[in-house]
Amino acid sequence: MKKEISNSNTLAGSSAEGGSGGLSILAIESSCDETSASICKDGKILSNIIATQKIHEQYGGVVPELASRAHMQNIVPVVQTALQTSDIKLQDIDAIAFTQSPGLIGSLLVGSQFAKSLSLALDKPLIAVHHMQAHVLANLIDDPKPNFPFLCLTVSGGHTQIVQCEAPTQMKVIGETIDDAAGEAFDKSAKLMGLPYPGGPLIDKYAIQGDATRFKFPEPQIPGLNFSFSGLKTSILYFLQNAGTTLVYKEEFRATEEEKQKFINDNLADICASIQHRIVSILLNKLKKAIAETGISNICLAGGVSANSGLRRAFEELGAKNGWGTYIPAFEYCTDNAAMIAITGYYKYLAGQFVDLTVSATARAEW
Ligand code: KG4
Ligand code: ZN
């Protein structure tokens, strides 16, 4: 289902059968530029409605103030649609889950205040969810589900993490980026080539026709299981400024704006394929290292960048070659969505992890 709810937002979603009885959770996600609501019943997702804010495209990135305003516009119709499509009445909801952190504070406040108001009005328990933990647990929505323990490579626009998950409410970060996230590496590289935001899907699209071995971008040597993408971004910047002649800054190689643009236009597919190849190898080399160190070989992907076709293919091939169990959530559960908040809320409900109305949203949070 996909329908317009205003000029600047697109509403998309899915639904299954509802009805009364069982444990029903209403979940709300509003951490960035997607307003989403989902109903989960006994661990099964009945609806996952997502209003994507189109307004940010023209600014080349998410504008926090505009995101908060759009959440205010979207939240009531999104929650209503989630209830209607799952055939669940508001009074039949057993608990309300919401994204508490991390994210844009103005955006988080809209969802959290809405959830708290509903909890107060309906006198139902409230469950605070960590957005990054929810990305990991998106792998528990559909079958087949990974057995515990598993490792999850979470790759989004704001985060890049390797998470060791022992149980739904027991997980820890064992590696993360020390600068840019993988999604940022895609988006910033795309911006350097003059492509619109978000550039990740466009790099993926052009890369399909390209030769990934044509241009060699450096792989950073970061100790342990941490990642770094800022050096890659810098070398891509110089590479383009030098119209492909060298990856380092050299005034004598500096191309004119026309030469640079011509180089990009003539070689777009190969540049995209080569950038994508390097980002994927940085990610998977660290994942391999994490598997070797932990001995855990059930591996999952999560986050918006797991939509990348090159990453998905390389991840599956790696698993098949080594006999590892590989899991990737359905696309609608990879990018920001409330279904992952709902499934996390379900497991937190079972573990009795509730919060009271004094809870507040926070832009950053410890695990
Ligand atoms: O998880 P997500 O929807 O939002 C955050 O929590 O950040 O991830 C958004 C990120 C953006 O950087 C976007 O460019 C990237 O995911 N992305 C992709 C693809 N689809 C989305 N990156 C590469 N290839 C894709 N196909
Ligand atoms: Zn996210």
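Helices (H or I, at least four residues) and strands (E, at least two) are DSSP runs, numbered from the N terminus. This is a predicted model, where local features need pLDDT of at least 70, side-chain atom pairs count only at pLDDT 80 or more, and totals for chains, interfaces and linings use all residues. Residues are numbered from 1 along each chain as its sequence is written, chains are lettered from A and ligands numbered from 1 in the order in which they are written, and side-chain values use heavy atoms, with hydrogens and water left out.

**Exercise 1. Locate the cis peptide bond at Pro-144 and the one at Pro-149.**

Step 1: Asp-143 and Pro-144 are joined by a cis bond, omega about -5°.
Step 2: Phe-148 and Pro-149 are joined by a cis bond too, with omega about -5°.
Step 3: Pro-144 lies in the loop between H3 and E8, and Pro-149 is in the loop between H3 and E8 as well.

**Exercise 2. Work out the strand order of the open five-stranded sheet and name its edges.**

Step 1: Strands pair if DSSP finds at least two bridges between them. The order reads E10-E9-E8-E11-E12, and the pairing is mixed.
Step 2: E10 (170-176) and E12 (325-327) are at the edges; each has a single partner strand, so one side of each lacks a neighbour in the sheet.
Step 3: E11 (residues 298-302) and E12 run parallel, joined by three bridges. In this pair, Ile-299 is opposite Thr-326.

**Exercise 3. Describe what surrounds ligand 1.**

Step 1: The shell holds 19 residues, and among the closest are Gly-157 and Asp-187; a residue is near if one of its heavy atoms lies within 4 Å.
Step 2: Helices H3 (131-137), H4 (182-192) and H5 (200-207) each supply at least two shell residues.
Step 3: Look at the oxygen atoms of ligand 1: one is 2.9 Å from a polar backbone atom of Gly-304, and one is 3.2 Å from a side-chain N or O atom of Asp-336.

Note on methods: A polar contact is a pair of N or O atoms within 3.5 Å; within protein, one must be able to donate a hydrogen and the other to accept it, and residues adjacent in sequence count only if both atoms are side-chain atoms.
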